[in-house]
Structures are given as structure tokens and as C-alpha cells.
Amino acid sequence: MADETVSPAYAKEVGLRLRDIRRQQGLSLQAVAEASEREFKASVLGAYERGERMISVLRLQRLAELYGVPVDQLLPRVPTTGRGVHGSGEGSPSRRVKIDLVRLETTQFPERDLLKRYIGMIQLERGDYNGKMITIRAEDLRSLARMLETDEEALQERLDELGIRM
């Protein structure tokens with residue numbers, strides 16, 4: 001039978017990831033306990049996040065449901081070749097665009113579904129689930145403009161017009 005022992009370092013990495021997602025969503029340990037109707041006690045969640053206890057797959061799945069994220073996003077990130085967890089870093093700050101995710105969700109316009117799908121892919125890649133805003137990097141802005149058959153400047157103007165750009 002295979003050795004099922006988990007290294008303390010891995011348990012700590014899982015814990016850090018759990019804490020990152022919880023904090024991105026602005027939740028306290030107590031708030032998660034309440035949202036789960038005490039299925040998850042704050043003290044146990046804290047032990048998971050500190051790496052003192054290893055979470056089971058079934059509990060990890062349930063926690064992912066509570067946070068509204070894919071279960072794999074609760075696991076430590078594996079760096080990809082040529083890129084770190086946070087992406088390539090391309091694009092100067094002036095070329096980055098902040099998108100209001102709340103407004104995107106509540107506003108109807110023809111490009112909405114495409115924009116939501118693309119932003120969903122960015123969130124998945126970055127593991128960014130704060131739910132309120134996301135920064136679109138220069139390379140993403142360029143790609144979106146091409147998909148919408150426009151240029152980057154016109155896309156930014158359209159986002160302003162819709163009130164989605166922060």
C-alpha cells in the first residue's frame with residue numbers, strides 16, 4: 001500500500017492557499033463557520049490554515065463549494081514553465097485596466113458573455129476570487145480587443161461607457 005503520509009511543508013502550503021482564498025473573499029474564520037452552519041469550526045479551519053491539520057478531500061470539496069471556487073484552486077499552485085504564479089508581469093501600470101466585477105455581473109450588454117468568460121479564465125489562472133474587481137493586464141486587454149474586433153483604446157472607451165472600468 002502506498003505511503004499516505006503528507007509532508008508538513010505540503011500541509012502548510014495547503015493551509016496558506018486556504019487562507020488566501022478566504023481572505024480574498026473578505027471572510028473571517030468565524031464567518032466561514034457561520035456560513036457552513038458550524039460544519040467547519042473556526043478553530044479547525046485555523047488549524048488547517050496553519051498546516052497543523054491536513055484537510056480531507058471531501059472536506060476540501062465542501063469548503064470549495066462554500067467559497068464558490070473550483071476545488072483545485074484550494075490546492076497549492078504549481079509554477080508553470082516560464083511563468084510564476086502571478087503571470088508574466090507584462091504591461092506598464094498605465095496599460096492595466098481594473099474591471100468592476102459587481103457591475104459586470106449586473107449590467108447587460110452584447111459583449112458581456114465573452115468578457116465574463118475571459119475574466120473567468122483569468123481568475124482561474126491567477127486563483128483570484130475576491131469577487132469585487134480584477135486588474136486586466138496589457139496582454140489581456142490586447143487579446144480582448146482582438147476578440148471583440150476593436151483596438152485597445154476603443155475597448156477601454158467601451159468599458160468606460162458601460163461603467164465597468166474602475
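Read along the sequence, the protein follows the pattern α-α-α-α-β-α-α-β-α-α, with eight helices and two strands. These are DSSP runs numbered from the N terminus, helices being H or I of at least four residues and strands being E of at least two. The model is predicted, so local features need pLDDT of at least 70 and side-chain atom pairs count only at pLDDT 80 or more, while totals for chains, interfaces and linings use all residues. Residues are numbered from 1 along each chain as its sequence is written, and side-chain values use heavy atoms, with hydrogens and water left out.

Let me turn to the interior. Of the 166 residues in the protein, 37% are buried, meaning under 20% relative accessible area with a 1.4 Å probe and protein chains only. The largest nonpolar core has 18 residues; such a core is a set of buried Ala, Val, Leu, Ile, Met, Phe, Trp, Tyr and Cys residues joined through side-chain atoms within 4.5 Å. Ile99, Leu104, Leu115, Ile119, Ile134 and Ile136 touch the most other members. Two or more residues come from each of E1, helix H5 (101-106), H6, E2, H7 and H8, and H6 gives the most, with four. A second, separate core of 16 residues includes Val44, Tyr48, Leu60 and Tyr129.

Ile136 deserves a separate word. Leaving aside neighbours within four places in sequence, Ile136 is in contact (heavy atoms within 4.5 Å) with Arg95, Arg96, Val97, Ile99, Ile119, Ile122, Arg126 and Leu141.

Leu141 belongs to the buried residues of helix H7 (residues 138-147), which are Ala138, Glu139, Asp140, Leu141, Leu144 and Ala145. What covers them includes strand E1 (97-100), helix H6 (112-126), strand E2 (133-136) and helix H8 (152-162). After H7 comes Glu149, with a positive phi near 55°.

Next, a helix pair. How do H1 and H3 cross? The axes of helix H1 (residues 8-24) and helix H3 (residues 42-50) come within 5 Å and cross at roughly 120°. The axes are lines fitted to C-alpha atoms over the stretch in contact, and angles run from 0 to 180 degrees between N-to-C directions. H1 and H3 are therefore oblique to each other, a class left after under 35 degrees (roughly parallel), over 145 (roughly antiparallel) and 65 to 115 (roughly perpendicular). H1 contributes Ala11, Lys12, Gly15, Leu16, Leu18, Arg19 and Arg22 to the contact, and H3 contributes Tyr48, Glu49 and Arg50.

Finally, among contacts in the protein between residues at least 6 apart in sequence, 63% join residues at least 24 apart.

Note on methods. Buried means under 20% relative accessible area, exposed over 50%, partly exposed in between (1.4 Å probe, protein chains only).
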